[in-house]
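Hi there,

Here is the structure I promised to pass on. Have a look at it first, and then read on for my notes.

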Amino acid sequence: MSPDPLHVVVVGGGFAGLGCVKRLAREDGVRVTLVDRHNYHQFQPLLYQVATSQLASTDIAFSLRKLFRDEAGVEVKLGEVTAVDPATHSVELADGDRFSGDALVLAVGSQPNFFHTPGAEEHAFPLYALDDATRLRSRVLEVFEAADRDPSLIGKGALTFVVVGGGPTGVELAGALADLIAETMTVEYHDLAVSAAQIHLVDHGHALLGGFSDSAHDYAAKVLGRKGVRLHMGVAVTEIGPGHATLGDGTVLPTRCVVWGGGLKAAPVAAAAGVPQGRGGRLDVQPDLSVAGFPGVYVAGDVANIPTPDGHVQPQLGSVALQSGSWAAENVLADAAGKPATAFHYHDKGIMAMIGRGAAIAEVGAHRHELHGAIAFSAWLGVHATLMTGVRNRIDAFIAWGWDYFTKSRGPQVLDRAEETRIDWEDDTAPEAEPAARS
Ligand SMILES: Cc1cc2nc3c(=O)[nH]c(=O)nc-3n(C[C@H](O)[C@H](O)[C@H](O)COP(=O)(O)OP(=O)(O)OC[C@H]3O[C@@H](n4cnc5c(N)ncnc54)[C@H](O)[C@@H]3O)c2cc1C
């Protein structure tokens, strides 16, 4: 009689969860239960393209069930994990169901961090999940439609966009938004003064694209400047209302669309895991990705504080998530075979960012060989097409990119969340300007 299969419960079907499940699925005698609150894997690096109508949401979402349909040992379960018991390798779902395994891998990712900025959670548009991207897309289209019917709304910030955060998310979104406005909206809105549109990018740091080199910072600023994006560096957004954003230097920008790319913290369920949390609420792990004191529990991807050999923590990147997920699987298998688990080694292939049409930055390899412009743009296309899951999605994305590049028109300009993003144009609680001091 064959022994019972090793049962591994994996929570999260992002890059880390997929890396883990794909590795486990290659082994005989292993059964995997993959739990996610969505029935799809989402490709976060391209969310900004959904938000700016370059790609359809179906181009960057892949059915988890379909991904593993040929893997008889992998069961996909749709559900929201609300509690974790690391001692018994169990998780509990919102509806009370429980899954327990011989090992547990947590790969639940992050959520936006608003850093207690007043009004941000209520009024800003985060860009973390597919849902966020379609909501933002609808808001962008809705403000254009409203201004087209009533140009006086431009004075209420209808065509003013504020992007918070000068990291890759903010820079990529600002560049793509600028292209959408300059190349598509100007052609499609015949009666509207589209030239009145403004994009403001605000960051409390002094350089764009932190984590990249100094010349990349300058290149990003130059490209965005050329596209008309106004940079507010060294300034924080201190408050956001339904019709405005206030900056630390006292500037009040009337706007109906503040995009939040200001930072991330651990997914909410991390707090329910009962294991030590470090910076950003992330779960502290040992170099082999295991949790101290809980044998058989591993944490991978964004939700983990993964120590590096030089005393730092790994960055929150898709490649770190994918590789750490796969490494956690190796260590689960090592445990089962009675072998020692090994410390995670990250194979750094570099970082890249796209700043709108034809302009990209790539820093290749651990030594960060730097590429700008068209070569980096080509590298970006290649890397993202390779990373995307599913042949059909890759083909669809390439058709959309080609169409966009040559026709300068966007395919999926779909305002499908009107109810949720409907704007009350009278609702503007912008702080009154301070009365001038009497002399
Ligand atoms: C806008 C944006 C752009 C980015 N661009 C890049 C880039 O260009 N290059 C790069 O390398 N990285 C990029 N990143 C970072 C990269 O996407 C993340 O590092 C990576 O997605 C992390 O993978 P993960 O599997 O840890 O988490 P996620 O991909 O977030 O996956 C977590 C999964 O867990 C599920 N989940 C969470 N909580 C629960 C729960 N309670 N119950 C059930 N399921 C749950 C979620 O539904 C999700 O499927 C970007 C991130 C963002 C937000």
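In α1, the buried residues are Phe15, Ala16, Gly17, Leu18, Gly19, Cys20, Val21, Arg23 and Leu24. That makes nine of the 11 residues of the helix, so α1 is largely enclosed by the rest of the structure. Please keep in mind that this is a predicted model.

Cys20 counts as buried because its relative accessibility is 0%. Cys257 is buried too, with a relative accessible area of 1%. As for disulfides, the count comes to zero, taking a pair of cysteine sulfur atoms within 2.5 Å as the rule.

Helix α8 covers residues 318–336, which is 19 residues. From its first C-alpha to its last it reaches 27 Å, close to the 27 Å expected at 1.5 Å a residue. Which residues of α8 are buried? They are Val320, Ala321, Gln323, Ser324, Gly325, Ala328, Ala329, Asn331, Val332, Leu333 and Ala334. The cover over these buried residues includes α1 (15–25), along with the strands β1 (6–11), β2 (30–36), β9 (103–106) and β22 (294–299). Just after α8 comes Gly338, which takes a positive phi of about 75°.

Helix α5 spans residues 130–149, with 20 residues. Its reach from first C-alpha to last is 29 Å, close to the 28 Å expected at 1.5 Å a residue. This helix is mostly covered, as 16 of its 20 residues are buried.

**The second largest pocket**

The elements that give two or more residues to its lining are α1, β4 (61–63), α3 (64–67) and α10 (391–407). Which element gives the largest share of the lining? That is α10, with four residues.

In total, 17 residues line the second largest pocket, and Phe62, Lys66, Thr389, Gly390 and Asn393 lie nearest its centre. By type, the lining divides into six nonpolar, five polar and six charged residues.

**Positive phi without a glycine**

Two residues deserve a click in your viewer. Ser53 has a positive phi of about 65° although it is not a glycine. You will find Ser53 in the loop between α2 (47–51) and β4. Is Ser53 buried or exposed? Ser53 is buried, because its relative accessible area of 1% falls under the 20% cut-off.

Leu209 is the other one: its phi is positive, about 50°, although it is not a glycine. Leu209 lies in the loop between β13 (198–203) and α7 (214–226). With a relative accessible area of 0%, Leu209 is buried.

**Three loop positions**

Leu209 also turns up in the contacts of Gly167. Not counting residues up to four places away in sequence, Gly167 touches Asp203 and Leu209. Gly167 itself sits in the loop between β12 (160–164) and α6 (168–188), and is partly exposed, with a relative accessible area of 23%. Gly167 and Pro86 are 81 residues apart in sequence, and their C-alpha atoms are 34 Å apart in space.

Pro86 is in turn one of the contacts of Ala273. Leaving aside neighbours within four places in sequence, Ala273 is in contact with Val84, Pro86, Leu106 and Leu283. The place of Ala273 is in the loop between β19 (264–266) and β20 (283–284). Why does Ala273 count as buried? Because its relative accessibility is 1%, and the cut-off for buried is under 20%. Between Ala273 and Asp424 there are 40 Å in space, C-alpha to C-alpha, and the two are 151 residues apart in sequence.

Not counting residues up to four places away in sequence, Pro45 touches Phe15, Glu172 and His384. Pro45 lies in the loop between β3 (40–42) and α2. At a relative accessible area of 29%, Pro45 is partly exposed. Pro45 and Thr169 are 124 residues apart in sequence, yet 8.2 Å apart in space, C-alpha to C-alpha.

Best wishes

Terms used
Residues numbered from 1 in each chain as written. Predicted model: local features only at pLDDT ≥ 70, side-chain atom pairs only at ≥ 80, totals over all residues. Heavy atoms only, no water. Expected span 1.5 Å × (residues − 1). Buried < 20%, exposed > 50% of the residue type's maximum accessible area, 1.4 Å probe, protein only. Contact = heavy atoms within 4.5 Å. 1 Å grid on protein atoms, 1.4 Å probe; cavity = no way out; pocket = protein on both sides within 12 Å on 5 of 7 lines; lining within 4 Å. Nonpolar A, V, L, I, M, F, W, Y, C, P; charged D, E, K, R; others polar.
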